Amino acid sequence: MKKSLFLILFLAFGLGAAFAQIQTPEQFLGYKPGDRFTPHHRMVDYFEHVAANNPNIQLVQYGETNEKRPLFIAILSSPENMANLEQIREDNLKRTGMLEGTPSTAVPINWMSFNVHGNESVGMEAAISAFHTLADPTNAKSQEWLKNQVVIIDPCINPDGRDRYAMWYNQKMNTILQPDLQSVEHNEPWPGGRANHYLFDLNRDWAWQVQVESQQRLKIYQQWMPQLHLDFHEQGINNPFYMAPAAEPLHEQLTDWQHEFQDIFGKNTAKYFDEMGRFYFTKERFDLLYPSYGDTYPMYNGAIGMTIEQGGSGRAGRGGFNAVGDTVTLSYRIEGHYTAAMSAVEVTSQNSQKLLDEFSKYFEQNSSNPIGKYKSFVIKGESNPAQKAKLLALLDKNGIRYGKAASKSGLRGFEYTSGKNVSFSTSEEDIVISAFQPKSVLTQVFFEPNPQLNDSITYDITSWALPYAYNLEAYALESRLDPSGEYEEAEFESNAVTKTPVAYIARWEGTRDAAFLASLLRQGIRVKYPEYAFKTEGKSFPAGTLLITKGGNEYVADFDKKVADTANRFGVTLETTMTGYMEEGKDFGSPNIRVIQAPKVALVGGDGTSSLNYGEIWHFFEQELDYPLVNLEMGDLGRYDLSDYDVLIMPSTWGGGLSKSAEEQVMEWVRAGGKLIAIDGAVNLFANKEGFALKTFDTDEEEKAAKKAADTLAKVERLEPYLEGERLAISSGAAGAIYQVDMDETHPLGYGTGGKYYTLKNNSNIFAYMDRGVNAGKIISNDSYRTGYIGYKIKSSMGESLAIGSERKGRGEIVYFVDNPIFRGFWESGKLVLSNAIFLVGQ
């Protein structure tokens, strides 16, 4: 058998590396790659050692994590290319149209990212080995490849999650290799090492950039815009090795060349795997649709993005038995990723000019003749200003251009709110996002009302249209509509302190306002809200508007200055009134003016809860609201003194849920005045139970009819071919289906929504309207469906169902969110509704 690429490149040049004063990983770390997991700081040390001994390497720190670990890339190429590196980078941006001018160099950029999931831990180990090979100046083959490319290595996208896993594993592992998967080292405790500090999946955050790692990484990514991006992962221990080409569904915007190069890479890598006798698969499981992956986001930015999946993951540890009894070792996993990385460098070198030509063509064709159905998008000026500002910030992060509209009538387009094609007009206050721009494809993908699926079996959500995520009035046009000029947000005028009014008034519109409220409460400033709309001094305000009154705040030193300074810090415009006597609505002394008590909030986590949903809420409190949060373990709920808390948040749960003692403890706390917020799977802890209003069916007759229909369908399905099992299973589920929810604006849960909200449905839960309690958010009919995949078995029953509600229990309250309102931190409009539940409900 021929030597593997791993052996040819890595082992054969060990003596040369020593001669060049670059130590091998084994020499530097003191152990062979694969003997144990390397701590992140030791990897950093090794990269710094190699760079210090090779002038053709640049290390660039682009940021740091929440736990203060460095984030950096290593840039490698030939001496000639490194001497001309800035020109190569600028020329690459000229190919995209992001910079003006004609390129004078012809060097593609090959970017490889490792360890986005912390417990897919082979990634960083393989990055160390690949970096050594490419950095070794005596390795003739790799140095020849580097003449035709610049290689950028991000050795660890997720250092916090990686060290959480590696440190835990190194503590638990046996000195003698123990592949028995029942051994403790093969069973991570909750929450595992997959996610980052805030328990976000960073491989779902490329587009949305909610997390600090993504924000910093995408900033430097936009400065390079590579032609190739490899994203290294691991899958279950019983799987072999996955590599491109990707699986269906493949987004219609992908080009023939993007498909072709995946095949070129796959065949080249397969050649080496065949020589080694290693198994692999392609064109299965991992599709190219959802735009926020490490393969799709580069694809929608003109690159060839590819996911690489080695079998093993955190379960494998240093070595574990797979289903057929083979020991999957860490060194074996390193070899797989290393081989794929070197194969990518090889095929990039062989296809360097074609990569550049097709990259240039991608941007030229898409910016001049976008192939998507919708060519332009309009955000209406009267949309919620807080949410609109958030959307523009996201567009800026992604390099998407926009401008102001001109006054124009007789336009026709898809109206997101109704889901129909209608006539409309634009004004100079509106925003236009045209697909005739460098980021053409990404723009269309972000705003496309209904992504076309050529296969309903997909790895992730199937819809993410930003006007729904931000709850904005918007239109998609099939015709070209160019901005009339640069869009300039009205400059914020600082609130000045003059004469103390009877009340400062702040509109309740978005997360910005919730953070403003949270800050006031933390400063001990009393804030109120009216239960009815009101009018004062000729100005009208809706229910839920924030009132910061002079009365009740006499004890606050520098009251006016603190209120004004806080509002200025958050960009909140304060309005005032010099009277508590209302022209319309309730006077400020009415019992219907509610005082907002600063809530003491606890979040439940641990085994049985979704670590991702837990992390979303945790991040929301600490990084967006800047409001204190106590973290509790679900397994200990029966032992806590819950009287210390006003609000208890239950993120999505799975499995058995609460113990009997914990449920009794929690319900006793609710009846005594506590507020419980149940999200997604957590609502099932209370559904269809005696004493609770949340029911699946309105009547026994409905339940019997549904069961009869299900039984009839089951009889038909059991005759279907075995291989149709997966397709039949998804017919009962949802994968990011968007529904319009009609909100009750008279209830605190509906404040600030304008009477509607769009929910992103990722579960099959369907609940009847409650006959006791408040149906604050309702899916009123099947016409409320807007876009995204939902199985036919449940789609027809989704109309007339509950989305958001609450019921009283004694002096307390339970709030139900049937769907996750802050999914992955990018479903922006849901943050306002969740803030309503936290701060306003039950006051």
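G336 is found in helix 14, which spans residues 330–350. The model described here is predicted. At 0% relative accessibility, G336 falls below the 20% cut-off and therefore counts as buried. Its contacts beyond four places in sequence are F241, F273, R278 and Q310. Y529 lies elsewhere: G336 and Y529 are separated by 193 residues in sequence and by 60 Å in space, C-alpha to C-alpha.

Strand 3 (residues 109–113) runs parallel to its partner, strand 4 (residues 150–154), and five bridges join the two. Within this pair, W111 has I152 of strand 4 as its bridge partner.

For strand 18, pairing with strand 13 (residues 403–404) is antiparallel and rests on two bridges. One of the residues involved is G403, whose bridge partner in strand 18 is E486.

Helix–helix packing was then considered. Two packed helices are described by the angle between their axes and the distance between the axes. Helix 6 (residues 85–96) packs against helix 10 (residues 212–224) at about 85°, and the axes are 7 Å apart. This angle lies in the range 65 to 115 degrees, so helix 6 is roughly perpendicular to helix 10. Helix 6 contributes L85, R89, N92 and L93 to the contact, while helix 10 contributes Q222, Q223 and W224. By class, the contact holds three nonpolar, three polar and one charged residues.

Helix 19 (residues 511–522) and helix 21 (residues 611–625) form another crossing. Their axes come within 10 Å and cross at roughly 75°. These two helices are therefore also roughly perpendicular to each other. T511, A514, A515 and A518 of helix 19 meet F620, E624 and L625 of helix 21. Five residues of this contact are nonpolar, one is polar and one is charged.

The largest nonpolar core comprises 141 residues. Those with the most contacts inside it are W208, F447, F621, I649, I677, F817 and W827. Helix 26 (residues 829–840) gives the most to this core, with seven residues. Apart from this core lies another, of 61 residues, including L76, W145, L228 and F265. In the largest core, W827 is among the residues with the most contacts. Leaving out residues up to four places away in sequence, W827 touches Y468, A469, I738, Y757, Y758, T759, L760, P821 and I822.

Note on methods. Residues numbered from 1 in each chain as written. Predicted model: local features only at pLDDT ≥ 70, side-chain atom pairs only at ≥ 80, totals over all residues. Heavy atoms only, no water. Pairing = 2+ DSSP bridges. Helix = DSSP H or I, 4+ residues; strand = E, 2+ residues; numbered from the N terminus. Core = buried A, V, L, I, M, F, W, Y, C linked by side-chain atoms within 4.5 Å. Buried < 20%, exposed > 50% of the residue type's maximum accessible area, 1.4 Å probe, protein only. Contact = heavy atoms within 4.5 Å. Axes fitted to C-alpha atoms, helices over the stretch in contact; angles between N-to-C directions. Parallel < 35°, antiparallel > 145°, perpendicular 65-115°, else oblique. Nonpolar A, V, L, I, M, F, W, Y, C, P; charged D, E, K, R; others polar.
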